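Student: Please look closely at the packing of side chains in this model, starting with the nonpolar cores and the aromatic rings. I would like the cut-off behind each term, and then some words on the charged pairs and the backbone.

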Amino acid sequence: MNRELFAAGERLVSPAYVRQGCEARRSHEHLMRLLLEKGKCPEDGWDESTVELFLHELAIMDSNNFLGNCGVGEREGRVASALVARRHYRFIHGIGRSGDISAVQPKAAGSSLLNKITNSLVLDIIKLAGVYTVTSCFVVPMATGMSLTLCFLTLRHRRPKAKYIIWPRIDQKSCFKSMITAGFEPVVIENVLEGDELRTDLKAVEAKVQELGPDHILCVHSTTSCFAPRVPDRLEELAVICANYGIPHIVNNAYGVQSSKCMHLIQQGARVGRIDAFVQSLDKNFMVPVGGAIIAGFNDSFIQEISKMYPGRASASPSLDVLITLLSLGSNGYKKLLKERKEMFSYLSNQLKKLSEAYNERLLHTPHNPISLAMTLKTLDKRCSKAVTQLGSMLFTRQVSGARVVPLGSMQTVSGYTFRGFMSHTNNYPCAYLNAASAIGMKTQDVDLFIKRLDKCLKTVRKEQNKESDISGVDNNDKTEDVDIEEMALKLDNVCLDTCQDSS
């Protein structure tokens, strides 16, 4: 309501009451004005009513919400379901234009404004998280893998002779397939074992650059966030190699925004060498639905070039989700989440270390990995190799998600490339292990419940192994009800394990 409407309302309701309502409205408008003027995430999060008011004000600027709109084109923001319209806050036109995902749409001033302010807020958060010199970024409605592909396709026009991408190995399918989908040949650089950690083989990277020739290499494709015992790549050294040989450098920073260490590596790499772009997931770093990523970099023209490579308009849903989230959290709320994640990492590490020692295992020493942890499964693997995969299936049936059990000797073919020891990031890691990660949003109760269920599963697997070896010494007549329940669960685990093996 504007001043004229409030004045009209004074004829119906006491002017004192109306003026009070007018002042309340101004409080909301003040927050919105600061957001548009500064383009930064508010320090304190907004309440839901302010967020919804802001979205409503933007949405009525789009042509599909004009009261007198007469649409005679093929794309007029028509929506059959009122439920769908409400789900999207009536932002129907999406973002961008046919030639540029960051361009302003004449039909959709509100959606365009939403897109611009979201990119501005995300840039502010990336700086807050540790990459202080980043100059440009944009939200793209694709997950990390396809966003990496978009970066590679953009580089193709700059380096027409290039056919190879140098890739320090990380056993994760989407980042590998991103290179294949873009039409390039990945050159896999095996990691080197240093203590328990798997680290970047810098000598092998430089030797491969010299062997293939810099002009034939599209880029180096490095990684920050990863599953232990692999640790983030040596970004500073890789950035220097890229700068020395004139080779672009694309960083897969999938869930690295939540880690000050990962963000520091990117900042330092850009300072001492070359990093052209780094890509991160929206869902993993900002707790929104899957479907979006952020492409960021230190050169405005290159980031704009990537945005122009995206064909056609794009869904506004990822931008809308992250905008609502950041306005609700505020920068203080997001910083609090980052602080809590670090605390949960220490707590998870301590609890997992205690549990591993109780079973004559150990927590792998991976100090360079700030998010993921790994616990050995040597005693299980020595007795029966099937016991390792059995443990993974047991955890899954007990609703433990995210934990990864990595056996020895697993083979996997991805897009025609066969990897030995797949999931362990190397051909021959010394032992089987279990992964767990402390990601943003994790709570103490999540850690406690995980440790409790893992403890119970380990006990059950060992009991089963002892029975098979006839060394348990347990009289069948003395079984407790708990043991019977666990045996029933174990049978279910065997079914689950066989099903998983058949499907793979």
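Tutor: What follows goes from the cores to the rings, then to the charged side chains, and ends with the backbone.

This is a predicted model, in which local features need pLDDT of at least 70 and side-chain atom pairs count only at pLDDT 80 or more, while totals for chains, interfaces and linings use all residues. Residues are numbered from 1 along each chain as its sequence is written, and side-chain values use heavy atoms, with hydrogens and water left out.

In soluble globular proteins, nonpolar side chains tend to be buried together. Here a nonpolar core is a set of buried Ala, Val, Leu, Ile, Met, Phe, Trp, Tyr and Cys residues joined through side-chain atoms within 4.5 Å, where buried means under 20% relative accessible area, exposed means over 50%, and partly exposed covers what lies in between (1.4 Å probe, protein chains only). The largest such core has 46 residues, and I126 and F286 are those with the most contacts inside it. If the neighbours within four places in sequence are set aside, F286 is in contact (heavy atoms within 4.5 Å) with I125, V257, S281, I294, V322, T325, L326 and Y334. Apart from this core lies another, of 36 residues, which includes I165, C175, A277 and V279.

A pair of aromatic rings is described by the distance of the centres and the angle of the planes. Rings of Phe, Tyr and Trp (for Trp, its six-membered ring) pair if their centres lie within 6.5 Å, and planes under 30 degrees apart count as stacked, those over 60 as edge-to-face and the rest as tilted. A search of the whole structure finds nine aromatic pairs. In one of these, the ring centres of F278 and F298 are 5.7 Å apart and the planes stand at 35°, so the pair is tilted. This pair links distant parts of the chain, since F278 belongs to strand β8 (residues 277–281) and F298 to the loop between β9 (293–297) and α12 (300–309), 20 residues apart; helices (H or I, at least four residues) and strands (E, at least two) are DSSP runs, numbered from the N terminus. F278 has a relative accessible area of 0% and is therefore buried.

The rings of F419 and F422 also make a tilted pair, because their centres are 5.9 Å apart and their planes stand at 50°. F419 counts as buried at 5% relative accessibility, and F422 is buried too, at 8%. Both residues belong to one aromatic cluster, together with W167, F176 and Y417. Elsewhere, R404 lies over the face of F227, at 3.9 Å from the ring centre, under the criterion that NZ of Lys or CZ of Arg is within 6 Å of the ring centre and within 35 degrees of the ring normal.

As for the charged pairs, the structure holds 17 salt bridges, each being a side-chain nitrogen of Lys or Arg within 4 Å of a carboxyl oxygen of Asp or Glu. E29 and R25 form one of them, at 2.9 Å from N to O, and both lie in helix α2 (residues 15–38), four residues apart, about one turn of the helix. E29 is partly exposed, with a relative accessible area of 32%, whereas R25, at 18%, is buried. These two residues are also linked with E57 in a network of salt bridges. R169 and D171 meet in a salt bridge at 2.7 Å, N to O, and each of these two residues is buried. K353 bridges to E357 at 2.8 Å, N to O; the two are four residues apart in helix α13 (residues 317–358), so about one helical turn separates them.

T413 stands opposite T418 in β13. The two strands form a hairpin with two residues between them, and S415 in the turn has a positive phi of about 50°. M423, which is not a glycine, has a positive phi of about 90° and is placed in the loop between β13 and β14 (433–437). A cis peptide bond, with omega of about 10°, joins A228 and P229, and P229 lies in the loop between β6 (217–223) and α9 (235–245).

Terms used. Pairing = 2+ DSSP bridges.
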